[in-house]
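Thanks for coming, everyone. Please bring up the model on your screens, and we will walk through it together.

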There are 2 protein chains.
Amino acid sequence: MAQRRYVSIKEVAATAGVSFQTASKVLNGGDVRVSAETAARIVAAAERLGYQPNTIARSLVQRSTATLGLIASDATDMAITLTSVAAEQAARRHGHAVLVGHLAPGGGDGASIVRTLIERRVDGVIAAAPDLEENEEVGELLRAHGPTVSLQSIPGGGLPLVGSNHRETGRIATEHLIGLGHAAIGTVTGLFRRRVTRSRLHGYEDALRRAGIEPDAGLVAEADWTPAGAAAATRALLERRPQITALFVHSDMMAMGVLSALHDAGRRVPAGVAVVSCDDIPFAQFLSPPLSTVRVPLAETGARAVELLLRMIAGEPVPDKPLLLPVELIVRESCGGMETQRANRRDSDPNRG
Amino acid sequence: MAQRRYVSIKEVAATAGVSFQTASKVLNGGDVRVSAETAARIVAAAERLGYQPNTIARSLVQRSTATLGLIASDATDMAITLTSVAAEQAARRHGHAVLVGHLAPGGGDGASIVRTLIERRVDGVIAAAPDLEENEEVGELLRAHGPTVSLQSIPGGGLPLVGSNHRETGRIATEHLIGLGHAAIGTVTGLFRRRVTRSRLHGYEDALRRAGIEPDAGLVAEADWTPAGAAAATRALLERRPQITALFVHSDMMAMGVLSALHDAGRRVPAGVAVVSCDDIPFAQFLSPPLSTVRVPLAETGARAVELLLRMIAGEPVPDKPLLLPVELIVRESCGGMETQRANRRDSDPNRG
DNA sequence: ACCGTGTGGGCGAACGTTCGCTCACGAGTG
DNA sequence: CACTCGTGAGCGAACGTTCGCCCACACGGT
C-alpha cells in the first residue's frame, strides 16, 4: 500500500561487495567478464533484496524504451479491439510493452495522444483507428516521428500498412449472394469517406457487373459502423427499395443493427432477406441467425503489424507494398446458403422452423 | 521514417542563449524567476526546434512516471473492454498515460505482466481482469508494489475495490422475472469460483426465497462467460428442467449464447422463455429480441477506479470499503415485461409475432 | 559611501542505468 | 628474467531532466 522504495543496483552491489557497474554487467548486461563466484554473489544479493531493474534509467542511456505506442478507437467496435489486443500481446511476446490511447468518439484528440506517446519516447507506433484516416495532423506527426505501422490509410501516405484486401472482401460476399440466386442486392456500408468503405463498395460493384447487373445507387445505404446507424440505414433502404432480397453489410457490428431492423420490419432472415457481412468477430455465430461473413484475420493483422514495426525499429528494410492478409468466406445461416446446401443433400432440418 | 533525433533542452537553451536549467524552468518547471523577454526567447526557440520534453529523463529525477498500469483480460468480453477503455481515457484526462497488458486466455501470465509494469515504474495499477481472482502471485506482487485498485477481488484482499453490488443485481433481475409471474426460473451463471458469480447467485436465491420459492440446484447451470459456454449450459439446462419459463443470465455476452441455444431448441423468447441478463453492453438492444438486462455502469466504474487510484498515489486517505456503484434494471423485450406493459395499455404490437 | 533587498539567471548535484576504457595481477612464453 | 597476454573488476562519463542554492547586479534608503 505504501509507496514502495525501490532497491537500486547500487545497493545490490554494496551488499555483494562489488562496484555497481560490475553488478550491472552481471544482472542486465551481456558482457560478462566476471568470475562465476562473484556473479553468483551478485545474483544472490539481488534476489534477496528484491531488485527490480529500473527500466526508466536504462531507457535514458540506451535511448530506447522497448515500448510501443498503440492508438486505437474507442471500444465499441469489437473488430478493432480484437486487433489491438492481439497487437499488444504480440508486442509483449517480443519483449515490448504497449502504451495505449483510445480516441474519443470524434477522434479529435488523435494529435494529442500521439504527442503523449512521442513525449514518452515510444520506439514505434501502431495506428489502429479508422478515425485517423481524416486526421492530417496525426499523419504529419507520425511521419515525422519515426517507425509507424498503420492498419488503415493515414493522410499523406508513406506509412507501411497491414490489412486485408477490402475490394476482394466486397466481391466475395456479393458473389456469394449472386450465386445463391439474388439479384436485388442492397448494401449497408461504413462511412463513405473511409477508404475501406469505398473499396468494399467497389468489390460489391465488381461482382454485380461481372454478373451482368448494373449497380443501383438506391441500393446503397451509408451507415456509421454502429449497430444503431446500420439499423437506421436498413430502415431507409427497405423503404426506398422494398424489393431487395439480400444485403451485404460492411461489418459484423453493423450486421447486428441490420438484423434487428429486418426483424422489426417483419423480414425474415434468410428467407426474406439474405445477409452477408464482414469481419467474423467471435460472436457472429451466436447471432440470430448465425451470421455468414467474410472472415478478416483480425488477430493476425495485429500480430503482423507488430512484427513489421519491430523490424522497422531494428532498421531492417521493409516492403513498401501494403501487407494484405487473405480473407475467407464463412457460410452460416444468415445468407441461406447453408439451407440450400442442406436441402440439396437431404430433406430438411427439423430444428428450424 | 528514419529514427528521429530528438532535440534536447540543451539545444533549445543554446539557441536561446541561456543555461539549460533556465530553459527547463521556463518550459516545464513552474518556478519562473525569469524576465518575460528571456522566457519568450526560450519558448520561441523551443517552438522553432520542435522541442519535445523527454518524459523519461523527467521521470527518473522525479521518481514518478505519470503512467498507470492496466491489466485486463483478453478482449472477448466486451464489458471488461468497455471498463478498461473508460479507465484509460479517464487517466489521460488526468494527465496520465496507460501501459496495458492483456492476459492470455488462461490468465497464467498475470504475474509476468505485473512485473513488467513494475519494472517500468508505473505509479499505480488497475486490475480489470476477473481471471486474476485466483492468482495469488499477482495478489502478492500488487500488494507489495504500491497503489492498486482492482475491479474484482484479488487473493489476499487488502486492495481497494470499485464495482457494483452483484447480489443486488441478481436479486433485481430475478425479482423482475418473478413479478412477471414466472416460478420456474433457471440461471446460467459465470464460473462458480468467481465471487461475482456466487454473489449474483445469492441474489437470485434471495429473490426466490422472498417469493416463497425454494431454490432448485437443478435450475442452475454453470458456464464460462463465453457465448459458446453459455449455449452449452443452456442446452443442458433445458434437457434437465424442460419446464423452465425464465432465465437469469450472468452477462450479456453469455446471453447471446443463451438466446442462440433457445432459438435452436425451438423455444421462443420471451413467449417460451423470458430472459434477463446483466451488464447492458451497447449492443444489448440490438439482439433478437432486445435484451432486458441489469445495467452495470461499466464506463463509470473504470473512471472511478482511476480517480480513486490517483488519490491513493497523491497520498490521500481512501475509504477501506469497496466503492459500489448503483445498478439499474433496463426492461426491453427479452423478458416479456414490455409486452405485458403494452398489453395492459393497448391491444398488441403489430410488428411482433 | 554603506548596507539591505529584490530580481534575473547560473550552476552543481542527483536520478539509476549502460558503455567502454583502464588497471592490477598472475601465468605463460621466448 | 623481461615481455606479452588474458582475466577479473573498477571507474569515469553520459543519457536529459529537475531541484535548490548561490551569485551578480542595480536600486533605494540611511
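**Around the DNA strands**

Let's start with DNA strand D. It is surrounded by 24 residues. The closest are Gln21(A), Ile9(B), Ser24(B), Asn28(B) and Ala57(B). Keep in mind that this is a predicted model.

Which helices supply this surface? The largest share comes from H4(B), with 5 residues. By class, the surface near DNA strand D has 10 nonpolar, 12 polar and 2 charged residues.

Now DNA strand C. Two or more residues come from each of helix H2 (20–27) and helix H4 (55–62) in chain A, and from helix H2 (20–27) and helix H4 (55–62) in chain B. H4(A) gives the most, 5 residues. The surface near DNA strand C splits into 10 nonpolar, 12 polar and 2 charged residues.

**A helix pair in chain A**

Next, look at helix H5 (residues 78–93) and helix H12 (residues 298–313), both of chain A. Their axes come within 7 Å and cross at roughly 40°. H5(A) is therefore oblique to H12(A). The crossing of the two is right-handed.

Which residues meet there? From H5(A), they include Leu82(A), Ala86(A) and Ala90(A). From H12(A), they include Leu298(A), Val306(A) and Glu307(A). The contact of H5(A) with H12(A) has 11 nonpolar, 4 polar and 1 charged residues.

That's the tour.

How values were computed:
Residues numbered from 1 in each chain as written. Chains lettered and ligands numbered in written order. Predicted model: local features only at pLDDT ≥ 70, side-chain atom pairs only at ≥ 80, totals over all residues. Helix = DSSP H or I, 4+ residues; strand = E, 2+ residues; numbered from the N terminus. Nonpolar A, V, L, I, M, F, W, Y, C, P; charged D, E, K, R; others polar. Axes fitted to C-alpha atoms, helices over the stretch in contact; angles between N-to-C directions. Parallel < 35°, antiparallel > 145°, perpendicular 65-115°, else oblique. Left-handed = near helix turned anticlockwise from the far one by under 90°. Contact = placed C-beta atoms within 7 Å. Near = placed C-beta within 6 Å.
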